[in-house]
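Please work through the following exercises with the sequence and the three-dimensional model at hand. Each task is followed by a solution in steps.

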There are 4 protein chains.
Amino acid sequence: MKKIRAGIMGGAGYTGGELLRLLLRHPHVEIAFVHSTSNGGKPVYQVHSDLLGETDLHFSSTYTNEVDVLFLCAGHGAARKFMESYTGKALVIDLSQDFRLKGEHVAGDRAFTYGLPELQREAIKEATAIANPGCFATCIQLALLPLAERKQLTAPVHISGITGSTGAGQSLSETSHFSWRNNNVSAYKVLTHQHLAEIRQSLEALQQTEIPPIHFVPYRGNFSRGILTTCYLQTELTLEAAQALYRDYYAGHPFVHLASENPDLKQVVNTNKCVLYLEKQGDQLVIISLLDNLLKGAAGQAVQNMNISFGFEETAGLNLKASAF
Amino acid sequence: MKKIRAGIMGGAGYTGGELLRLLLRHPHVEIAFVHSTSNGGKPVYQVHSDLLGETDLHFSSTYTNEVDVLFLCAGHGAARKFMESYTGKALVIDLSQDFRLKGEHVAGDRAFTYGLPELQREAIKEATAIANPGCFATCIQLALLPLAERKQLTAPVHISGITGSTGAGQSLSETSHFSWRNNNVSAYKVLTHQHLAEIRQSLEALQQTEIPPIHFVPYRGNFSRGILTTCYLQTELTLEAAQALYRDYYAGHPFVHLASENPDLKQVVNTNKCVLYLEKQGDQLVIISLLDNLLKGAAGQAVQNMNISFGFEETAGLNLKASAF
Amino acid sequence: MKKIRAGIMGGAGYTGGELLRLLLRHPHVEIAFVHSTSNGGKPVYQVHSDLLGETDLHFSSTYTNEVDVLFLCAGHGAARKFMESYTGKALVIDLSQDFRLKGEHVAGDRAFTYGLPELQREAIKEATAIANPGCFATCIQLALLPLAERKQLTAPVHISGITGSTGAGQSLSETSHFSWRNNNVSAYKVLTHQHLAEIRQSLEALQQTEIPPIHFVPYRGNFSRGILTTCYLQTELTLEAAQALYRDYYAGHPFVHLASENPDLKQVVNTNKCVLYLEKQGDQLVIISLLDNLLKGAAGQAVQNMNISFGFEETAGLNLKASAF
Amino acid sequence: MKKIRAGIMGGAGYTGGELLRLLLRHPHVEIAFVHSTSNGGKPVYQVHSDLLGETDLHFSSTYTNEVDVLFLCAGHGAARKFMESYTGKALVIDLSQDFRLKGEHVAGDRAFTYGLPELQREAIKEATAIANPGCFATCIQLALLPLAERKQLTAPVHISGITGSTGAGQSLSETSHFSWRNNNVSAYKVLTHQHLAEIRQSLEALQQTEIPPIHFVPYRGNFSRGILTTCYLQTELTLEAAQALYRDYYAGHPFVHLASENPDLKQVVNTNKCVLYLEKQGDQLVIISLLDNLLKGAAGQAVQNMNISFGFEETAGLNLKASAF
């Protein structure tokens, strides 16, 4: 099979680096360039030091339109700006939040398709531009999609979740300082997290009704990778019925797995998996959901979208060994 | 002032050790004995190695009734068993869950008083036996007491919280193994945590009505000390009204502080403080609450109860330097 | 290419689990059985929960001789015991310390070859039994082999190193308790670490002289995976000469890389790489060496040895994405 | 006893904050001002958030000479600059490295005394300016002073040590980023650490001879507080003789303790203690030494120096509860 050519804009950040790690091992991809404004000319392993010995690729400060797929990892705001002058024909996969919402999803003559494969696989196959979902947004949507599809989101949904530090990117800030974050925890954007908009948008599209309130309390965890969320809502569904419904929904989706025991975050760290776990307590259905924010929550999902778009096996390049510890 | 004599049953565990650290520095207390079945005869610093150079105290395998206050740190179940044969006259302060609930609070001719000073200070002054509250229970009650007092708990309360590993004690288990817990997070006892009973009991006694459902999602954090919880509920109270109400309620209580900015756990680690922070988002009041599970959530609160009972300054021996990092 | 059949004895421990993660993805291997005395009949993902969704393999409490390669992960002492009654013809790769030393390397009619590919690749090709090196032993030997080959180990060698918690296996102990190990560090087996014997044995065989004293101070780190060691010794070699010597030595070895900047542990975590870095300070040559104790220090090296023995590409199944964070 | 008045220059950093935590609880000190160029006018708890509820003190952007003791926490270089224009008469205690070395210890008409109480107690009593030692420097000197006093430093000394992140201060940098440092370890300034100069200076002054080479490998640890070092050297001293010698040397020093079992870092975290532990392996004497870099390695030692200078009990305000976990 002829390899496709991929370009990466903004390759020096966390998601850009993770994408590089994946694409360098992908059986059907050749990396055409990794663009970085501030690192042009440097070997990529000088920035992503774990790549030492794996590639002689250098960052470039220019880019070419001669690619089949272009990943935008330059961050929120920068993606929209880039698209204003972009004239290439490549499939564009944007990892920022710029094009996720209806009303914001158009750039020139392109309309971005929301790139959650477990919701939009068919649309992704036809897309010319894909807006990759947010990390918390992916984790929470995967926890709720099967309910929305059966119109079971009929009561308020209560969510808490905790994210690793890489979710905040590599910029230096008080809350990313080791001496602050180590052995610490804090809540932030309580009930106001920006991912709620894309979550509601997907759920309402799927359930085809308005959705009751969704309340979300996010925490900053003192670990590097991963997101774990817990959702609960009142429902008449029994546990068995709910489990059957989830199994049905995710039957053909290779990265979502239903656990039979209460899971922990490290089951998915450094993989593209999302693990779900259901409980029923009284009249409340509880859904625990976990994924790696840099993989299924970002770069892994971007590769999954690319695989779907180009007709590769959906898991190509994504059969990753968990770090486990 | 003449020093009182204190005895500790079960002094080799985490709460026993923390109590020792406090009592060794307490201006009005002399330690009469530290009992440990399995460590009798050993210097206490062989078990609590940070006490090297601070005391020559040894564990004893017997105990005496010649004390003014007796702390029970032997764990759940063991406290009730101990009280069956106890004939001493000391003030008993139990750190287990054995005597916290109405219907379970009597041992022989003694009735245990629930030892939450911010709710029960007057009753504690008269008590002959005190049931020290649970760690999560303290954190959540302090977040909700001011609302209960004004009969404002009129909608379901949604709570998530995360606890350090010391909350699970020193016994070895899969979830206390470093290789498992490091860089990990997991939910447990979702909507079924045992502290909900004592929380409801206090809130209903204070509000003098039945309380709507309280939903609580606890997480195991990958840090050692501390608890952070977030509560929210629908209310018509404005933020300003709520803040005023909390300031009033805690006016005379030296360990509870209202923060004006979103706090983080390490503000309270290694102190006896509880920090509260309020937000209003739409019609939801959010209360973030934090404390050190071994101090305000256990041994510190036990000393606070002792101080109240013996008429010492409530903060005596509890003006602790935060570890801060 | 026809797949070889592999068996694992002691598959429920840390190295057994890591080996499973590797072999399940290996292009030329089919897993015949995973033996576990205490977990026979259970799905392997009940023990290694990150394998959920990857395999339906179950632990078995019996084993068969119908395999091409047999990995012994049952631990120190158990390997020798197993070999006493083993009658199969498979290549045996032992991950314990039982057969590493001359004088201890024979079991029945088999002699174990010390399985450090960067020292013994040709011998490994011919071996019928391989003693996989220790984790610290691998890290330190890779730091010193090029010097030994050129007879440059002529002054005492001073080494310090720090290891993650998985190096101590999954048994529960005080030093593996999260509440103890988190945010902590300690030295152990100072100047007496058992790996010094296999290190000396290799270096003396290569240098063909007696080696001056080697002093080693190991630390327990508060992280899960990885080993970093620093060696220094007096030498007349210039930095440039030393670097050339190391480049020559490792020219044909795919997993050892020379860094041009001072490295950090996470460059190699979750990979089979060893990264080396050289400095010269005054008359002292400094060699920093890092690897993942469960991979290049255990299961990864075992697979590398298998690859060499069966004529597979040395990197087959070992091109792993670093976790990086 | 009348309280002395203390001023702090550079009170917004880590050592300034730690000093504040100590002085606010000190029985003989009243804080006159806490100077911060960038935070003038803010309540100190807005920067050191753990001080919420403990003080209404505000940072000031000016300072007064009407103090008895002045602590300089403004950092390396800034201290010397400040002294150029300082006209006050207060005892000056500088926590930077600006005045520690002979040849650099004079500022105007003042000569700074090196402030290591276990070496210089008598000189500190007479000093008008004190240069507080470095954190690694304190840890290593306390490990070696008893040997120097008896002229036993006759062979090269080999040292490795690991420090928490607070040692690097609160400025943001790649190596203080949580996503980088978490679960990581790295060596730095190998054999070239700047504290070697003050270490040699003290040891040579005490031993009254030149000292053999001292080799030091420092590591960055993934924890917040604390330093652990291991020194070893060839000696004819028996273990018992060495232990006797250390006990003698530290007999009158309240913060240095000799452990009888191999210690771990958390024994001293959040205290002003230094714990030492001796082993003899072959002809090598091993000395393990541990302290909290912000306390005995910085602010705690500064207070200890103040106590000595003003004739307070040496432990006043320094009887701190270990965080222990």
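This is a predicted model: local features need pLDDT of at least 70, side-chain atom pairs count only at pLDDT 80 or more; totals for chains, interfaces and linings use all residues.

Residues are numbered from 1 along each chain as its sequence is written, chains are lettered from A and ligands numbered from 1 in the order in which they are written, and side-chain values use heavy atoms, with hydrogens and water left out.

**Exercise 1. Describe the interface of chain A and chain B.**

Step 1. Begin with contacts, that is, heavy atoms within 4.5 Å. On this rule, 39 residues of chain A touch 39 residues of chain B.

Step 2. Turn to the area. The size of an interface is often given as the accessible area lost when the parts come together; here the loss is computed with a 1.4 Å probe and summed over both parts. Chain A and chain B bury about 3,100 Å², and carbon and sulfur atoms account for 59% of it. A:Val185, A:Tyr232 and A:Lys266 supply 17% of the area that chain A buries against chain B, more than any other three residues.

Step 3. A salt bridge requires a side-chain nitrogen of Lys or Arg within 4 Å of a carboxyl oxygen of Asp or Glu, and the count between chain A and chain B is zero. A polar contact is a pair of N or O atoms within 3.5 Å; within protein, one must be able to donate a hydrogen and the other to accept it, and residues adjacent in sequence count only if both atoms are side-chain atoms. There are 24 residue pairs in polar contact between chain A and chain B, both residues being at pLDDT 80 or more.

Step 4. Assign the surface to elements, where helices (H or I, at least four residues) and strands (E, at least two) are DSSP runs numbered from the N terminus. Among the elements that give two or more residues to this side of chain A are helix H6 (178–181) and strand E13 (227–234). The largest share, five residues, comes from E10(A).

**Exercise 2. State how many salt bridges cross the interface of chain D and chain C.**

Step 1. Between chain D and chain C, 39 residues of chain D are in contact with 39 residues of chain C, and the buried area is about 3,100 Å².

Step 2. Across this interface the rule finds zero salt bridges, but 24 residue pairs in polar contact (both at pLDDT 80 or more).

**Exercise 3. Is D:Phe33 buried or exposed, and which residue does its ring pair with?**

Step 1. Rings of Phe, Tyr and Trp (its six-membered ring) pair if their centres lie within 6.5 Å; planes under 30 degrees apart count as stacked, over 60 as edge-to-face and the rest as tilted. The structure holds 34 aromatic pairs over all chains. D:Phe33 pairs with D:Tyr63 in a tilted arrangement, 6.2 Å centre to centre and with 40° between the planes.

Step 2. D:Phe33 is buried, because its relative accessibility is 6%; D:Tyr63, at 32%, is partly exposed.

**Exercise 4. Where does C:Thr55 lie?**

Step 1. C:Thr55 occupies the loop between helix H2 (44–47) and strand E3 (59–60) of chain C. This threonine, C:Thr55, is buried at 11% relative accessible area.

Step 2. A polar atom of the C:Thr55 side chain lies 2.9 Å from the backbone nitrogen of C:Leu57.

Technical notes: Buried means under 20% relative accessible area, exposed over 50%, partly exposed in between (1.4 Å probe, protein chains only). Buried area is the accessible area (1.4 Å probe) that two parts lose on being put together, summed over both.
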